[in-house]
Amino acid sequence: MHKPIRALIRIQLKMQYSNVFKKPSVIIGLLFGLFGLLLIALMFGGFVLQVIDIIYSILEPSGNADIILGALFLMNFFVVLLLSLTLIMNAFYFTEDITSFLHFPVHSYQLLIAKSVNPLVYAYIVTAGTYFPVSMYYGVLSDAGPMYYIFAFLLYFVVPVIPYSLASVLVMFAMQFVNKGKNKDRSKVIGGILGFLLLILLNVVLRLQHDPEKIAETIASSAEGGGMLQMATMYYPPAWLMTNLLTADNFGLSLMYLIIVLVIASAAFWLFYAASQKLYLKGALGLNTGSGKQFNSKRLYRKENSVVHAYRRKEIQTIFRTPTYFLQCVAGTLIMPVLLVVIVFMGDFTSAASLAKNLDGNGLYVAILAANILTIGLNPVSIVSFSKDGHSWEAHLFLPLKMRQIVFAKLQSAFLINLLPISVMFLVAVFVLQLTVLQAVLWLFLALLVNAAVTIIGMLSDLYYPKLGWTEETELFQNRLASLIAIVLSVGSLGILIALLLVLNMQMLVSLFFTVLYISILAAALLFTISRLLRSVDRTTLTK
C-alpha cells in the first residue's frame with residue numbers, strides 16, 4: 001500500500017476512533033450496546049432462523065435450498081448499496097475537513113480510499129449482522145464440510161465491496177450536476193427521511209404475515225422450476241456465483257467460482273478508481289455552505305425581544321436547518337414512535353386497545369409512564385446542546401450573555417423540540433389504545449414531567465463532557481461518553497421510579513402524586529448540580 005494512503009487512513013482513524021477506547025466508561029457503554037443488540041437478535045433472530053429451517057426442509061428435496069443463499073447475497077447487495085449512498089455522500093462531500101484534504105499532495109483515489117474506511121466499517125458491521133447467522137445456519141442444516149465455512153468467511157470480505165464501489169460511482173457521477181451549496185442540505189434530509197420510510201415499509205411487509213410456515217410455503221411455491229428468487233438472482237450475477245461457490249460439489253469448482261468473484265470485485269474497485277480520478281474533483285471543488293439571501297430592510301423594524309429569547313430561537317433554527325441534527329433530533333424521533341408501534345403490535349391494533357382496557361389503574365399508569373420515557377429518551381437533542389456549536393462555540397465569548405442564560409436557553413429549546421415526538425406518540429396512543437379523556441390528559445402531563453427530567457439529564461451530561469472538536473455532525477451521535485452518561489442516568493433514575501410504582505402498587509392518584517414528587521426532587525437535584533458546575537465552568541473553559 002502506498003505511503004500516502006497509509007498516512008491518510010491513519011489520519012482518518014485517529015479522527016474517528018482515537019478517543020473511543022481511552023476511558024473505561026466508553027468500553028462499558030459499548031458492552032451495553034452489544035448486550036442490547038443481543039436482545040434484539042434473540043427477539044427477531046429466532047423467528048428468521050425458524051423460517052429458514054422450514055424453507056430448507058421444503059426446498060431441499062427438490063434441490064432448490066441454495067436459493068436461501070442466493071436471497072441472502074441479493075439482500076446484502078441492496079442493503080449495503082442503500083446504506084453506502086448516504087455514508088459516501090457524507091464522507092466524500094459533506095464533512096467539515098474536505099476542503100483541507102483537497103489541498104493535500106495526493107491523488108483523488110488515495111484520498112477516497114482513506115475516506116472509505118469509516119463507511120466500510122459500518123457496511124461490514126451491517127453485513128455481518130445478517131450474513132454470518134444465515135450462512136452459518138445454512139451450513140449446519142446442509143451438513144457442510146470445513147471448506148464451506150472457510151469459503152463463507154472469505155466471501156464476507158468480498159460481499160460489501162461490489163455494492164460499495166457501485167454506490168461510490170453513482171454518488172460521484174450525480175454530484176457533478178448538483179449545486180451543493182443549495183441542495184446538499186435538502187439531499188441529506190430527503191435521503192434520511194426516505195431511509196426511515198424504507199425501514200418502516202420493511203417492518204410492515206415483514207409483519208403482514210408473521211407465520212413462518214405460510215412464508216415458507218409462499219417461497220416454495222414461487223421457487224418451483226427455478227422460480228422468482230432464482231430469476232431475481234440472475235439480475236445480480238455475483239449472487240449466483242457466490243451461491244454456487246458455497247454449494248459446489250468439489251473444491252476445484254468452488255475455487256474457480258471464487259476466482260471469478262474476485263475478478264468481479266477487482267473490476268468494481270477499478271471502476272471506483274477511475275471514477276475517483278475523473279469525477280471526484282469536479283464534484284468536490286467549489287464546495288460552499290449555502291446560497292446567500294437578499295437583505296430585507298423590513299426586518300429592522302421588528303419588535304425587540306430579550307437576548308435569551310433570541311438565543312433560544314437561534315438554537316431551534318440550528319436544529320431544524322442542519323440536516324444531520326434535523327434527521328437525528330426531529331425526523332427520526334417523529335417516525336420512531338410509529339415504527340415502534342408497528343414492531344410491537346405488528347398491526348394488531350384491536351388487541352392493543354383491548355390490552356390497554358384490561359390493565360388496572362396502576363398498571364396502565366406505569367405503562368403510560370414507560371411509553372413516555374421511551375419516546376423522549378430516544379431524542380438526543382439535549383445531549384448535543386453544547387457540542388453542536390463545535391468550533392463556533394468561541395463566538396460565545398463575545399455575546400452579551402451570561403453562562404446561566406445560555407444554559408437556560410438551551411434547556412428551553414431542547415424541551416420545546418421534545419414536544420414534537422411527544423405529540424406524535426400521543427396521537428398514535430389515542431388512536432391505537434383508544435384512551436379516554438382522563439387517560440389522555442394523564443399521558444400529556446407525565447410526558448411533560450419526563451421531558452423536563454430527561455432534558456436536564458442530557459444537558460448536564462453534555463456540559464460535563466462536551467465534544468467541540470468534531471469534523472462531521474454525525475460524530476456527535478456516535479461513541480460519545482455524554483450519550484452513555486445520559487442513558488445510564490435516565491434509565492437508572494426513571495427505572496427506579498417504575499420499579500417503586502410496581503412494588504408499591506398504589507392507586508393511580510397516589511402514584512401520580514408520588515411521580516410528581518420524585519421527578520421534582522430529581523430535577524431540583526440536577527439543576528443544583530448544574531448550578532454548582534457553572535461556578536467552575538464558563539464559556540472559556542469549554543473552549544479548552
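Which residue forms a salt bridge with E315, and how far apart are the closest N and O atoms? Before I answer, please keep in mind that what we are looking at is a predicted model. The partner is K388, and the closest N and O atoms of this salt bridge are 2.4 Å apart. Because E315 lies in helix 15 while K388 sits in the loop between helix 18 and helix 19, the pair ties together parts that are 73 residues apart in sequence. Both E315 and K388 are buried.

E315 also forms a salt bridge with K410, where the closest N and O atoms are 3.1 Å apart. Here K410 lies in helix 19, so the pair with E315 in helix 15 ties together parts that are 95 residues apart in sequence. Salt bridges that share partners join K314, E315, K388, D389 and K410 into one network. Within this group, the side chains of D389 and K314 meet at 3.9 Å, N to O. D389 counts as buried, because its relative accessibility is 8%, whereas K314, with a relative accessible area of 28%, is partly exposed.

Let me turn now to the nonpolar side. The largest nonpolar core has 59 residues, and those with the most contacts inside it are F73, F92 and L246. Helix 3, residues 67-92, supplies the largest share of this core, namely ten residues. Apart from it lies another core of 57 residues, including L411 and M425.

Finally, consider S116, which lies in the loop between helix 5 and helix 6 and is in contact with F92, Y164 and F272, leaving aside its neighbours within four places in sequence. The side chain of S116 reaches the backbone oxygen of L112 at 2.6 Å.

Notes: Residues are numbered from 1 along each chain as its sequence is written. This is a predicted model: local features need pLDDT of at least 70, side-chain atom pairs count only at pLDDT 80 or more; totals for chains, interfaces and linings use all residues. Side-chain values use heavy atoms; hydrogens and water are left out. A nonpolar core is a set of buried Ala, Val, Leu, Ile, Met, Phe, Trp, Tyr and Cys residues joined through side-chain atoms within 4.5 Å. Buried means under 20% relative accessible area, exposed over 50%, partly exposed in between (1.4 Å probe, protein chains only). Helices (H or I, at least four residues) and strands (E, at least two) are DSSP runs, numbered from the N terminus. A polar contact is a pair of N or O atoms within 3.5 Å; within protein, one must be able to donate a hydrogen and the other to accept it, and residues adjacent in sequence count only if both atoms are side-chain atoms. Contact means heavy atoms within 4.5 Å. A salt bridge is a side-chain nitrogen of Lys or Arg within 4 Å of a carboxyl oxygen of Asp or Glu.
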